[in-house]
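Please take a moment to look over the sequence and the model below before reading on.

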Amino acid sequence: MIAESVLILDSHFAENNNGQDIIEGLSKTPKTLPAKYFYDNLGSELFEQICQLSEYYPTRTETAILTQYADEIAQITGVCELVELGSGSSTKTLILLDSYQKKSRNCQYFPVDISSGMLSSAVSKLKLQYPGFLIQGLSGSYDQALNYLQSHHQQKRLIFFLGSSLGNFNELETEIFLGQISETLNPGDYFLLGIDLQKSPAILEAAYNDAQGVTAAFNLNMLSHINQRFRANFNPDLFTHRAIYNQSKGQIEMYLISQENQHVSLKDLDLEIDLKKNESILSEISRKYKLLDIQNQLLNKKIQTLKIWSDSQQWFGLILGQRF
Ligand SMILES: C[S@@+](CC[C@H](N)C(=O)[O-])C[C@H]1O[C@@H](n2cnc3c(N)ncnc32)[C@H](O)[C@@H]1O
């Protein structure tokens with residue numbers, strides 16, 4: 001059941017979510033699937049487990065940076081309407097909400113997520129934990145939420161996007177997404193961005209190929225999700241997980257590799273595909289950044305970097321920008 005304080009955006013802010021993106025991706029050579037299809041209820045649970053893995057350094061590193069600097073962030077921005085894109089379980093968010101609660105007991109927080117079950121349970125817990133806050137979940141895609149928020153701008157706003165989720169966008173998608181962020185902010189508003197930085201391939205590849213196989217299960221679950229959502233008949237047992245660091249592109253690439261020649265039907269999408277043995281489907285990219293590059297990209301979208309925080313190894317960066 002969806003919590004009362006979750007607004008379902010689908011019907012109001014329709015986007016291309018009828019599977020056209022799957023048709024396009026599977027008709028390309030090489031084949032791709034959009035990373036957003038990782039996140040049904042099980043996918044969200046598996047992502048939570050990934051965050052606890054010893055190999056998966058991003059969550060604990062970003063959490064440590066937030067713990068150290070959340071008060072400073074709240075001090076710089078002052079009380080704001082808080083919007084979180086891809087909020088998931090909102091676990092890390094508690095650190096920021098605690099800092100804003102010291103400034104005002106009546107803050108507004110809008111978590112946005114495509115995984116409605118996870119969003120709904122996060123909102124129910126947060127409402128108990130922060131009874132004075134106005135908490136309104138927005139269930140839908142980033143596109144839908146940003147459209148909605150552009151027409152509902154009441155006060156100074158901080159949009160935050162953590163977990164290096166920006167890294168799942170290719171160059172063109174990043175350009176479009178940062179443009180949408182800029183349009184959803186008024187001059188003087190803030191954007192807080194958590195990004196994973198470039199580092200040794202061995203550390204990066206270990207993070208996406210954990211020994212327990214949780215990332216593999218997360219990757220394969222995308223096929224079960226698509227089966228259920230679009231009446232498809234992928235057999236996840238006939239695929240394996242692979243993640244490699246593409247150094248020339250500065251990105252982790254996660255693939256589903258077909259273990260034999262096979263035919264798959266996606267009934268609701270009127271799509272039939274053939275896969276050859278060892279053929280790969282690219283299911284996710286996770287780009288790793290240089291701080292200067294991302295600062296320049298933000299600047300091109302009228303977002304000026306105010307401050308950057310990092311850990312002692314410079315593995316992860318947290319950038320606070322302001323729209324001008
Ligand atoms: C990598 S997880 C990050 C979760 C959390 N922000 C963190 O830092 O741990 C990405 C989150 O974004 C959500 N998500 C992925 N694609 C999305 C999209 N296109 N629109 C809205 N939410 C999306 C997923 O459901 C998931 O909760």
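A residue is called buried when its relative accessible area is under 20% and exposed when that area is over 50%, with partly exposed used for what falls in between. The model shown here is a predicted one, and that scale can be applied to Tyr142, which counts as partly exposed because its relative accessibility is 25%. Tyr142 lies in helix α6, a helix that spans residues 142-150. Leaving aside neighbours within four places in sequence, Tyr142 is in contact with Leu85, Gly86, Phe161, Ser165, Phe169 and Phe177. Asn219 stands 77 residues from Tyr142 along the chain, and the C-alpha atoms of these two residues are separated by 21 Å.

In the side chain of Asp113, an N or O atom is found 2.5 Å from an oxygen atom of the ligand. Backbone atoms take part as well: a polar backbone atom of Gly163 is 3.4 Å from a ligand oxygen, and for a polar backbone atom of Gly88 the distance to a ligand oxygen is 3.5 Å. Of the 590 Å² of accessible area that the ligand has on its own, the protein covers 91%.

Turning to the nonpolar cores, the largest has 37 residues, and those with the most contacts inside it are Ile22, Leu26, Ile226, Phe234 and Leu266. Both helices and strands build this core, with at least two residues supplied by each of several elements, including α1 (20-27), α9 (214-230) and β11 (262-266). The largest share, 7 residues, comes from α9. Ile22 touches, among others beyond four places in sequence, Leu33, Pro34, Ile226, Phe230 and Leu266. A second, separate core has 30 residues, Tyr100, Cys107, Tyr109 and Leu318 among them.

A last stop is Lys199, which is found in the loop between β8 (190-196) and α8. Although its side chain is charged, Lys199 counts as buried because its relative accessibility is 12%. The side chains of Lys199 and Asp196 are joined by a polar contact of 2.7 Å, while a polar atom of the Lys199 side chain lies 3.1 Å from the backbone oxygen of Trp315. With neighbours within four places in sequence left aside, Lys199 is in contact with Tyr57, Leu204 and Trp315.

How values were computed: Residues numbered from 1 in each chain as written. Predicted model: local features only at pLDDT ≥ 70, side-chain atom pairs only at ≥ 80, totals over all residues. Heavy atoms only, no water. Polar contact = N/O pair within 3.5 Å; in protein donor to acceptor, adjacent residues only side chain to side chain. Areas by Shrake-Rupley, 256 points an atom, 1.4 Å probe, with all protein chains shown as cover. Core = buried A, V, L, I, M, F, W, Y, C linked by side-chain atoms within 4.5 Å. Buried < 20%, exposed > 50% of the residue type's maximum accessible area, 1.4 Å probe, protein only. Helix = DSSP H or I, 4+ residues; strand = E, 2+ residues; numbered from the N terminus. Contact = heavy atoms within 4.5 Å.
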